Amino acid sequence: MSNFSDEPVLVKPDARRDWKRWAAAALALFATGLIVYIPLDKARKEEAAHHATRGPRQGVLLQLALEDSAHTLELTWNRGRFAPVLEPAPAPGTTLRIAGRFGEETLAWNEELGSFGPTEAVVDPYDHYKVRLRLERDGRLLWRDTVWAYGIHDTHGHSH
């Protein structure tokens, strides 16, 4: 008598290999998403930098109200370091806390430069930085926001 049968034998798929396929597919999807996202995000930031309102030092201008009066804060640089300008100049004792991927610093008003700071951290004036800002006087919060400090928009394609 033969040990063989015409009856089909069902073989269960290996469950260990099944989750690995899903993980590989998820990883491939994630990598593809990054490949698509990075240039789109860069293009979006460049477009926003192009349309940003600029001040006399080519920094982005922010309109804000401090103690019931209108001010402008220009997020600008001095020799590769952030040196934001507040117009009109702040009252004595006013500081600006600035934080971003370059670190966090508290900047005092610099009469000689007519700006806060500059920062210790060196930044690329052609790059875009998401920054958290806090204007304070004598430990009292005057204003705060998180904004994009768009770098210089180079229309000639020479940006870094």
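Student: Hello! At 3% relative accessibility, does T94 count as buried or exposed?
Tutor: Welcome! This is a predicted model, where local features need pLDDT of at least 70 and side-chain atom pairs pLDDT 80 or more, while totals for chains, interfaces and linings use all residues. Residues are numbered from 1 along each chain as its sequence is written, and side-chain values use heavy atoms, without hydrogens and water. Buried means under 20% relative accessible area, exposed over 50% and partly exposed in between, with a 1.4 Å probe and protein chains only; T94 has 3%, so T94 is buried.

Student: Which side chain makes a polar contact with the side chain of T94?
Tutor: T94 sits in strand 6, residues 94–100 (strands are DSSP runs of E, at least two residues, numbered from the N terminus). Its side chain reaches the backbone oxygen of A91 at 2.8 Å. A polar contact is a pair of N or O atoms within 3.5 Å, one able to donate a hydrogen and the other to accept it, and sequence-adjacent residues count only if both atoms are side-chain atoms. At 3.0 Å, the side-chain partner of T94 is R137.

Student: In what order do the 5 strands of the open sheet stand?
Tutor: Their pairing is antiparallel, and two strands pair if DSSP finds at least two bridges between them. The order is 8-7-6-9-10.

Student: Why is one side of strand 8 and of strand 10 left without a neighbour in the sheet?
Tutor: Strand 8 covers 115–116 and strand 10 covers 140–149.

Student: In strand 10, which residue is the bridge partner of K130?
Tutor: Strand 9, residues 129–137, pairs with strand 10 over 9 bridges in the antiparallel sense. The two form a hairpin with 2 residues between them, and D138 in the turn has a positive phi of about 55°. For K130, the partner in strand 10 is W148.

Student: How far from E74 is the nearest side chain of opposite charge?
Tutor: E74, in strand 2 (residues 69–75), is buried yet has no salt bridge, which needs a side-chain nitrogen of Lys or Arg within 4 Å of a carboxyl oxygen of Asp or Glu. The backbone nitrogen of G59 lies 2.9 Å from a polar atom of the E74 side chain. Lys and Arg count as positive, Asp and Glu as negative, with His and chain ends not counted; the nearest opposite charge is R57, at 5.2 Å.

Definitions and conventions:
Helices (H or I, at least four residues) and strands (E, at least two) are DSSP runs, numbered from the N terminus.
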